[in-house]
Amino acid sequence: MKNLPNLITLSRLVSALLLMPICAFSPAFFVVYTYCGVSDILDGALARILHCNDEFGARLDSIADIVFYAVSAFKILPVLCSKFTPSIWYMITATVIIRIISYTAAAIKYRRFASLHTYMNKLTGFLVFTVPYILFLPFAKTACMIISAVAALATTEEFIIHIRTYQYCADRKTLFMPKEKDK
């Protein structure tokens, strides 16, 4: 039972790779894509319930997330290019730049890769996950602009947390958490 969360994470990693040959936006794509999203929620919840969240599981989860995001972006990017307005692309570009600066600052400060599990980052992850489902709806451009704004806020919050805190705490939930918890 203690290995179940890591096995689910590993299955997400394999499933993300299985998305590559599948036609984007096909029923098979949505089945595998949805499994990846559900398994991402499930593995973390099970790890907490079973008290088996560890450094290995966290790193495996991060690797699976990165592979899933990269494959998903590769698959849906051609449609995004035709659907997104320049303002959305500017927001996405600014968010990516802030994210890179944040990760770089954290790597220098903590001497490790440091991504936080803040409420805003979790909300962003969920909203970004919904993009393929809403992309062909009439309000898609507005929704994507809102998602981009939330992602920018989440990234900015994470950067400020990295700058203001003394030590790395992956489970820091918000910028407004008392600083004493960081000492």
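**Figure 1. A salt bridge joins aspartate 43 and arginine 12 in this predicted model.** The closest nitrogen and oxygen atoms of aspartate 43 and arginine 12 are 2.7 Å apart. Because aspartate 43 belongs to helix 2 and arginine 12 to helix 1, the pair ties together parts that are 31 residues apart in sequence. Both aspartate 43 and arginine 12 are buried. They also take part in a network of salt bridges that links Arg12, Asp40, Asp43, Asp61 and Asp65, and the structure holds 7 salt bridges.

**Figure 2. Glutamate 55 forms salt bridges with arginine 59 and with arginine 112.** In the pair with arginine 59, the closest N and O atoms are 3.0 Å apart, and the two residues both lie in helix 3, 4 residues apart, which is about one turn of the helix. In the pair with arginine 112, the distance from N to O is 3.1 Å. Since arginine 112 sits in the loop between helix 4 and helix 5 while glutamate 55 sits in helix 3, this second pair ties together parts that are 57 residues apart in sequence. Glutamate 55 counts as partly exposed, at 38% relative accessibility, and arginine 112 is partly exposed as well, with a relative accessible area of 29%. Arginine 59, at 51%, counts as exposed, because the cut-off for that class is over 50%.

**Figure 3. Phenylalanine 25 and phenylalanine 136 form an edge-to-face aromatic pair, one of the 15 aromatic pairs that the structure holds.** Their ring centres are 5.2 Å apart, with 85° between the planes. Phenylalanine 25 lies in the loop between helix 1 and helix 2, and phenylalanine 136 in the loop between helix 5 and helix 6 (140–164), so the pair ties together parts that are 111 residues apart in sequence. Phenylalanine 25 counts as buried at 19% relative accessibility, because buried means under 20%, whereas phenylalanine 136 counts as exposed at 53%. Ring pairs link both residues into a cluster, which also includes Phe29, Phe30, Tyr33, Phe68, Tyr69, Phe129 and Tyr133.

**Figure 4. Tyrosine 103 and phenylalanine 113 form a tilted ring pair.** The centres of these two rings are 4.9 Å apart and their planes meet at 55°, so the pair is tilted. Tyrosine 103 is in helix 4 and phenylalanine 113 is in the loop between helix 4 and helix 5, 10 residues apart. Tyrosine 103 counts as partly exposed at 24% relative accessibility, and phenylalanine 113 is likewise partly exposed, with a relative accessible area of 44%.

**Figure 5. Phenylalanine 25 and arginine 111 have positive phi values.** Most residues other than glycine have a negative phi. For phenylalanine 25 the angle is about 70°, and this residue is in the loop between helix 1 (4–18) and helix 2 (27–49). For arginine 111 phi is near 60°, and this residue is in the loop between helix 4 (86–110) and helix 5 (119–134). Phenylalanine 25 is buried, while arginine 111 is exposed, with a relative accessible area of 73%.

**Figure 6. A search of the whole structure finds 1 cavity of 30 Å³ or more.** Of the 10 residues that line the largest cavity, the closest to its centre are Leu116, Ile161, Thr165, Gln167 and Cys169. About 40 Å³ of space lies in this cavity, and its lining has 5 nonpolar, 3 polar and 2 charged residues.

Conventions. Residues are numbered from 1 along each chain as its sequence is written. This is a predicted model: local features need pLDDT of at least 70, side-chain atom pairs count only at pLDDT 80 or more; totals for chains, interfaces and linings use all residues. Side-chain values use heavy atoms; hydrogens and water are left out. Buried means under 20% relative accessible area, exposed over 50%, partly exposed in between (1.4 Å probe, protein chains only). On a 1 Å grid over the protein atoms alone, a cavity is a set of points where a 1.4 Å probe fits but cannot get out, and a pocket is an open set with protein on both sides within 12 Å along at least five of seven lines; lining residues have an atom within 4 Å of a point. Grid points are joined across faces, edges and corners, and a volume is the space filled by probe spheres set on the points. Ala, Val, Leu, Ile, Met, Phe, Trp, Tyr, Cys and Pro count as nonpolar, Asp, Glu, Lys and Arg as charged, and the others, Gly among them, as polar. Rings of Phe, Tyr and Trp (its six-membered ring) pair if their centres lie within 6.5 Å; planes under 30 degrees apart count as stacked, over 60 as edge-to-face and the rest as tilted. A salt bridge is a side-chain nitrogen of Lys or Arg within 4 Å of a carboxyl oxygen of Asp or Glu.
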